[in-house]
Amino acid sequence: MARTFILWLHGLGDSGPANEPIQTQLKSPELSNASWLFPSAPFNPVTCNNGAVMRSWFDVPELPFKVGSPIDEGSVLEAAKNVHAIIDQEIAEGTNPENVFICGLSQGGALTLANVLLYPKTLGGGAVLSGWVPFSSSVISQFPEEAKKTPILWSHGTDDRMVLFEAGQAALPFLKEAGVTCEFKSYPGLGHSISNKELKYIESWIKRRMKRSSSTCLHLNCLKEMFHSR
């Protein structure tokens, strides 16, 4: 079976190891051999927390995040380059780009979107949980054509008070303008957190998009060689 790689990006002030139990919630046999990575953001001063130093992928000028909140595009672009290096390494080791999935919560969700839209190849998908669009429309011209083919799944709780639901919905016209396909899932009553129902849907979404053809073709080619050698 072709290798599947799932990269999970945590939220502001959190860490990669603290999110590792998420892997145990996705129990489908199809994902049993998936390779997971839960990196931790570096320690940086964060404007919305009065300059306090904490794990942060990029600077966040304002929280709660709402429609029209200021963004620091420069630090987002820099953070995306660092994550792209991880993806480059995975692909260099033989993983099909379309079997690479990026998932992220809150700030990690915003970075997930940035990574998918700026990567030069089509990936398996990007799952944004309670995130926001970390760009203005002026950045759309920088999105590679292949990146626009990567599907986006957006999950957001209607009772989110940290990244307002309306801020999540604002992704839809942005992505439409960019020519990117997005499936938006709202979760009534859910705040700024992850639900089991949300994870189960993400699991099924990834399974539908996994590329298995490479292993099938390899198997058929081996059979052909066996018969031709007789």
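I started with the cluster that ring pairs make of F58, F65 and W132. The pairing rule I used takes rings of Phe, Tyr and Trp (its six-membered ring) with centres within 6.5 Å; planes under 30 degrees apart are stacked, over 60 edge-to-face, and the rest tilted.

The model is predicted, so I kept local features at pLDDT of at least 70 and side-chain atom pairs at pLDDT 80 or more, while totals for chains, interfaces and linings use all residues. Residues are numbered from 1 along each chain as its sequence is written, and side-chain values use heavy atoms, without hydrogens and water.

Aromatic pairs. I searched the whole structure and got seven aromatic pairs. One of them is W36 with F38, which is stacked because the ring centres are 5.6 Å apart and the planes stand at 5 degrees. I then looked up burial (buried is under 20% relative accessible area, exposed over 50%, partly exposed in between; 1.4 Å probe, protein chains only). W36 is buried at 13%, and F38 is buried at 9%.

Next I took F58 and W132, an edge-to-face pair with 6.2 Å centre to centre and 80 degrees between the planes. F58 sits in the loop between β4 (52-55) and α3 (73-92), and W132 in the loop between β6 (125-129) and β7 (152-157), so this pair ties together parts 74 residues apart in sequence. Helices (H or I, at least four residues) and strands (E, at least two) are DSSP runs numbered from the N terminus. F58 is buried at 4% relative accessibility, and W132 is buried at 3%.

Charge over a ring. I required NZ of Lys or CZ of Arg within 6 Å of the ring centre and within 35 degrees of the ring normal. K185 lies over the face of Y201, 4.2 Å from the ring centre.
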